[in-house]
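Subject: Structure for you to look at

Hi,

Here is the structure I promised you. Please open it and keep it beside you as you read. My notes follow below.

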Amino acid sequence: MPVLELREITKIFPGVVANDRVSLELERGEIVALLGENGAGKSTLMNVVYGLMSSDGGQILVNGEMVKIKSPRQAIDLGIGMVHQHFMLVEPLTVTENIILGREPGRLGVIDFATARQKVQEISARYGLKVDPDAKIMDLSVGMQQRVEILKALYQGASVLILDEPTAVLTPQEVKELFRVVRSLVDEGLSVVFITHKLEEVMSVSDRIVVMRDGKVVGETKPSETDDVGLARMMVGRDVVLSVEKGPSTCGAQVLEVTDLEVRDDRGLEAVRGVSFTVCGGEVVALAGVSGNGQSELVEAIVGLRRPSSGSLQLKGLDITHASARASIEAGVSHIPEDRHRRGLVLEFDLAENLILGDHRLPPFASHGIMHPSAIAGVAERRIEDYDVRTPSWHVLASNLSGGNQQKVVVAREIGRNPELLVAAQPTRGLDVGSIEFVHKQILAERENGKAVLLVSLELEEVLSLADRILVIFEGRIVQEFTVDEVDEETLGYYMTGGGGSKLDGEAEHVEMTEGDS
Amino acid sequence: MSETRETLPAQKAWMSVAQKVGIPLASVVLAIIVGSVIMWTSGYDPVAAFAALFKGSFGGPKQIGDTLLRSTPLILTGLALAYGFRANLFNIGAEGQLFMGGLAVAWLGVAVTGLPWIIMVPMLLLASMLAGAAWAFVPAILKARVGAHEVITTMMFSYIARYIVSWLVVGPLKAPGQIPQTVALPTGAQLPRIQTLFGESTLDALPFLNLGRTHLGIVVALVAALFVWFILKYTTLGYENRAVGFNPWASETGGISVQWTTVKALCISGAFAGLAGAVEVMGVHYRIFDQFSSGFGFTGIAVALLAKNHPLGVIPAAILFGGLTAGAGTMQLEAGVPQKIILIIQALVIFFVAAEEIFKWFIKRRQKEALSHAG
């Protein structure tokens, strides 16, 4: 008897059938990967199971019994736990306090912390989830915070654990650790639903794979019976080129020259500590590193959003060290920001307005402060066409597009501007394979056109497939440089986490994460 | 949730129409209904009351004139607030900028002499805008440089402005006599009443021009509304204003200076509030005194809210509020309903506009139901 069975679950949003009669079974001690592109309906399905959304049809059975789940509370009582993509932890509280939140042991409103702490330690020992019960959440790395979320679900008595895109925020090492934890959970008799759109994870962790597309289950398979290409085809519904083809680099004139750059973060601490490198035309240079090692600050300094405290930046011989964002754009620097909702788009603007952001003062879009709607519409239509943005028209608000299409709008604007230097920060974060393929092609097209590209990515696979040269950044310094053919993921991961006799000042044990991670 | 997708275009069009016009309209209708219930339970006849209210505000050219008279400053303060809101700035101190605008014209209109009307009046209007903008400038700089919240700073500046005027009208600028007020503006510095612009014969032929006390300020206000609409829709200034209002981070990334845009937005907002002070001084009182504004700066907040910050929507919204005050007297006289009930209705309108989320919720639920039946 399955521990969890979904029968023909249907969920309808205005204009969209998010789940169309989806059925799914989960056996005891099994890891099922729920694979699908963004918008395929995976998260919706699990939100229904967890009681965050009500379904418009279908049945849920837990241990063979038909149940109605109307709230997360009920789901928890039924033994269903969920770890969300965005953690739901109270930052200033300790690990123990967070875990017992909502189910505090004790009586008459007085919490019995000793018992609580002991219980947390018991669970953490049993499943091999080591964590300091007295540490404050805000002092923990993202990987550790996730561990607390899992512990919390276990504390609440979960026998079914739903993990919603759990690896999106983790480093390669943390991912490995998570997989080990998931394995030990199922060994103890738990069942796990693993939501993801990353093919390699599915292959390495799951017992069974259920693929969703457009709200429907389109296939079910096992890792032993398929491969990356087969899964991608199932997921997207057509053949996908997973590895990008690129010719040898034709390094032209030097475009960006960074010399001894030092940049401080918002708290005034040194985030970039004396970085020097160059990027030439026709070359993709990737900055690989664990999130929070100064990449964001470095990018912001290059694109004029942050003033460096010392050092210099040269763009084709022009000094842009202290250039404003506007001057930087006008000098030929384009920027695909790591957070498209915050930095990349004005979600309340329509696509045309978004497609000219940054160029909105210049002809043909405007002259003498007056905007030219027909020129704007014309360019918007052309860019939507050229960059394959799926939308009925440019009148649509950016907020109404899917993540992939939103990113295409940002890419269309930044590349459409025809820059000298393209700074792409995590350009494919959260995108599905189809959109990733597209963005990668566009970045390489810039390279073919002799433009300089600086890529910042946490995805080593992306770094290795796009870059000509790779700079490893750790704690604000470039600790190692490789050409792409002399390095593999393992080696990169090693240097990214401070291996190789780093220039660590021995000050930080764990890697600090910035807010932008979650 | 990551699962967002394009909604159907027809549905979206319907939603957008419903939200732009439907919700403010529904708010007004609901306010009237609830207002009626309140009157009825208090022992008044709501039908007679609203009939009298309508008669008093739109019953004839004179009544319409009275409504327009009261709407004129509200259009301008509504624009001031709407422009600020579009940059995500709440210029709650518009009243203070209005006082400074009024003060500027009350002083300059008397101090400067010998200029023809056609130069004098535009100059005074411009001066009032500069004064209003100047009064908003310090809060604007504080907001941009150190992040001091404009709700606090503009409010405080509003008190300062009012006390400066209070002091000036009993002190340096006091006109001779007992009353604390400034010297009256000469005709050459006034905004004349509309009906005085036409001869007897024209007025007899076109009786709707007998607009009572309505003065040229209404034209100023309407032109201002068109101007703000143009700025927001067709200029880089308006584009940047809206971009910063929606998402300052993306704006910054797009090379827009958020600080500078904030300063400009609050000063432009102040300029229109200042202009509201000018039309009151130049068209109604011809001088400034302590109570020359009946809270137009604050009612402007409600006007902008009802207009959903659309510069053209500000016009009907201001006329509604103007009409409510204009007809209140007739309502009391003919239906015996206390004027104060108007304040309740005004409050209800605001309440229902602010409760837009409730409407949205109903709309979404109905759509969902319709869809699930279809599916």
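In helix α9 of chain A, the buried residues are A:Q295, A:S296, A:E297, A:L298, A:V299, A:E300, A:A301 and A:I302. Buried means under 20% relative accessible area, exposed over 50%, and partly exposed in between (1.4 Å probe, protein chains only). That makes 8 of 8 residues for α9(A), which spans residues 295-302. Helices (H or I, at least four residues) and strands (E, at least two) are DSSP runs, numbered from the N terminus. After α9(A) comes A:G304, with a positive phi near 85 degrees.

A word on the source: this is a predicted model, where local features need pLDDT of at least 70, side-chain atom pairs count only at pLDDT 80 or more, and totals for chains, interfaces and linings use all residues. Residues are numbered from 1 along each chain as its sequence is written, chains are lettered from A and ligands numbered from 1 in written order, and side-chain values use heavy atoms, without hydrogens and water.

Now go to A:T10. It sits in strand β1 (residues 4-13) of chain A. Is A:T10 buried or exposed? A:T10 is buried, because its relative accessible area is 14%. Its contacts (heavy atoms within 4.5 Å) beyond four places in sequence are A:N19, A:D20, A:R21, A:S55, A:D56 and A:G57. A polar atom of the A:T10 side chain lies 3.2 Å from the backbone nitrogen of A:R21.

Last, chain B. B:V138 lies in helix α5 (residues 117-146). B:V138 is partly exposed, at 37% relative accessible area.

Best wishes

Key:
A polar contact is a pair of N or O atoms within 3.5 Å; within protein, one must be able to donate a hydrogen and the other to accept it, and residues adjacent in sequence count only if both atoms are side-chain atoms.
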